[in-house]
Amino acid sequence: AGVYGLDLMPVAMVERVEVIRGGGSALFGSSAIGGVVNIITKDPVRNTLSLSNTTNIMEDGTPDINTSLGGAFVSDDYKLGAYVFGQVKYRDGYDRNDDGFSDITRLRSETIGFRAYYKTSAHSRLQAEYHHIHDFRRGGDNLDSAPHMAYLCEQVDHNIDGGGLRWDYFPNMRHRMSIYASTQGITRSSYFGADLDPNAYDSTKDFTFVTGGQYTYNYKAGLPAELTAGLEYNYNALNDYYVATDRRLNQHTSTIGLFAQNEWKSDKVNFLVGFRLDKHNMIARPIISPRANIRYSPIEALGLRLSYSSGYRAPQAYNEDLHIDALNHTVSLIQLSEDLRPEYSHSFSASADYYHNFGRVQANILVEGFYTMLNDVFTLEKIGQREDGVIIKERRNGSGARIGGLTLEAKVGIPNCFDVQLGYTFQKSQYVEPEQWSDALVAQRTMFRSPEHYGYLNSNFVIT
């Protein structure tokens, strides 16, 4: 369900979003090597009720409407609390250049869910959460007709149900333990086709279950330190059937992961070292992924940071393999090579973060360099075309890839008044050896889906 990114997530349930640079921590999984986007959901802390609506009208009158509702309810003794949220989104298709094909998809989305806690004692807490998401999107032409009455159509209709339980035990300031389990089920009906194809319908079911435990111990060994260790089990069952190509995929994956890390903390130096040991059912041997991170502040206003992380991706089908490409009146299908091997990665980063005040004006500048080596990198190669016009691509292992770059970010502002933020990144993404991904071009080292230059500029003003 992750094809379309974070806009599936209801804004009403989000407390804040943390962006963690680099992959120095062992807690976030084997794939978290370049960084982590951590979405922190809201905890009920007081009785509140909120209703909000945002309506955008595009230049041709196309509406984009988002309405959300959230309410927190807390008992007088604060032993019990719950946060309930809901969201409804609607956006019509938008055709920017009037060629008859949408440039922004039609969207209908409804979400409802809750997060609740109960303090089972003065030193323990039980937490439960559940969400249901219905998300429909369609792009192409003839948006009001049946999918197979369009010359080009991509349509997905997701129903997602997920939830989890977590028990935390914290007898004192030195010890903390958590036991958790969560699950999510997805059913998806989709159509990816061209030229009035009546068979381009697809049905997908996906089930994920995760359970584990984590223990944290705070102690002093020269410097204040924190040791974290845990064990996690992850299971996924995927069943997919695409009528047009008679593709049937029935995939079961499971991973048992052991992780541990120790962090030494002080005002000037933070040093973290850890590892993950993962056994994936599609990989013969366990994989160890070491992680390390060091931060040094020679002065209070300056932070210097180095990190190293390693990780892998298993030789299995991923979400993008099920998202059929429909372009130029043809359909492209991805299959996995029979001898596909895991993709391994090693990532390094270094950064300098400086803060300074000019009176009431606060300023911050960040410079970061990053470099990642991918071994047995996953690549796509066209291997043929069927009589019905379906293009067959195969996911194979390439020779490797190298991704490196430099990021500059700056922020200036007055608290509770205004701020301006900007950032720029220069990045090079190249295969070690040229890869042949199209019959129309010679083999290329450049990874064309990765931009070399990108950036942002935004500002916020507080009106009082």
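Hi everyone. Before we start, please keep in mind that we are looking at a predicted model.

Let's begin on the surface. Which residues gather in a patch of negative charge there? They are Asp 60, Asp 98, Asp 99 and Asp 103. Take Asp 99 as our example. You can find Asp 99 in the loop between β5, residues 80-91, and β6, residues 106-121. Its relative accessibility is 41%, so Asp 99 counts as partly exposed.

Now for a patch of another kind. About 780 Å² of the surface forms a nonpolar patch, and its members are Leu 80, Tyr 118, Leu 126, Leu 165, Trp 167, Tyr 169, Met 177, Ile 179 and Tyr 215. Which of them gives the largest share? That would be β8, with three residues. Leu 80 sits in strand β5. With a relative accessible area of 47%, Leu 80 is partly exposed.

Next, the aromatic rings. A pair of aromatic rings is described by two things, the distance of the centres and the angle of the planes. How many aromatic pairs does the count come to? The count comes to seven. I'd like to show you two of them.

Tyr 191 and Tyr 201 form an edge-to-face pair, with 4.8 Å from centre to centre and 65° between the planes. Tyr 191 belongs to strand β9 and Tyr 201 to strand β10 (residues 201-221), so this pair ties together parts that are ten residues apart in sequence. Are these two residues buried or exposed? Tyr 191 is buried, at 0% relative accessible area, while Tyr 201 is partly exposed, at 29%.

The other pair is Phe 418 with Phe 461. Why do we call this pair stacked? Because the planes of the two rings are at 20°, with the centres 6.2 Å apart; planes under 30 degrees apart count as stacked. Phe 418 lies in strand β23 (residues 418-435) and Phe 461 in strand β25 (residues 453-461), so the pair ties together parts 43 residues apart in sequence. Phe 418 is partly exposed, with a relative accessible area of 24%, whereas Phe 461, at 60%, counts as exposed.

Last topic: salt bridges. A search of the whole structure finds 16 of them. One joins Glu 18 to Arg 16, and the closest N and O atoms there are 3.3 Å apart. Both partners are partly exposed: Glu 18 has a relative accessible area of 30%, and Arg 16 comes in at 42%.

Another salt bridge is formed by the side chains of Arg 341 and Asp 376, at 2.9 Å from N to O. Here the pair links distant parts of the chain, 35 residues apart: Arg 341 is in the loop between β17 (330-336) and β18 (343-358), and Asp 376 is in the loop between β19 (361-375) and β20 (378-385). Arg 341 counts as partly exposed, at 40% relative accessibility.

Glu 381 and Arg 396 also meet through their side chains in a salt bridge, at 3.2 Å from N to O. Glu 381 is in strand β20 and Arg 396 in strand β21 (residues 391-397), 15 residues apart. Arg 396, at 29% relative accessibility, counts as partly exposed.

And one more to look for on your screens: Asp 43, Arg 115 and Arg 125 are linked in a network of salt bridges.

Conventions. Residues are numbered from 1 along each chain as its sequence is written. This is a predicted model: local features need pLDDT of at least 70, side-chain atom pairs count only at pLDDT 80 or more; totals for chains, interfaces and linings use all residues. Side-chain values use heavy atoms; hydrogens and water are left out. Patches are made of residues with over 30% relative accessible area and no salt bridge: like charges are joined within 9 Å, nonpolar side chains (Val, Leu, Ile, Met, Phe, Trp, Tyr) within 5 Å. Accessible areas come from the Shrake-Rupley method with a 1.4 Å probe; for residues, only the protein chains shown count as cover. A salt bridge is a side-chain nitrogen of Lys or Arg within 4 Å of a carboxyl oxygen of Asp or Glu. Lys and Arg count as positive and Asp and Glu as negative; His and the chain ends are not counted. The place of a charge is taken as NZ of Lys, CZ of Arg, CG of Asp or CD of Glu. Helices (H or I, at least four residues) and strands (E, at least two) are DSSP runs, numbered from the N terminus. Buried means under 20% relative accessible area, exposed over 50%, partly exposed in between (1.4 Å probe, protein chains only). Rings of Phe, Tyr and Trp (its six-membered ring) pair if their centres lie within 6.5 Å; planes under 30 degrees apart count as stacked, over 60 as edge-to-face and the rest as tilted.
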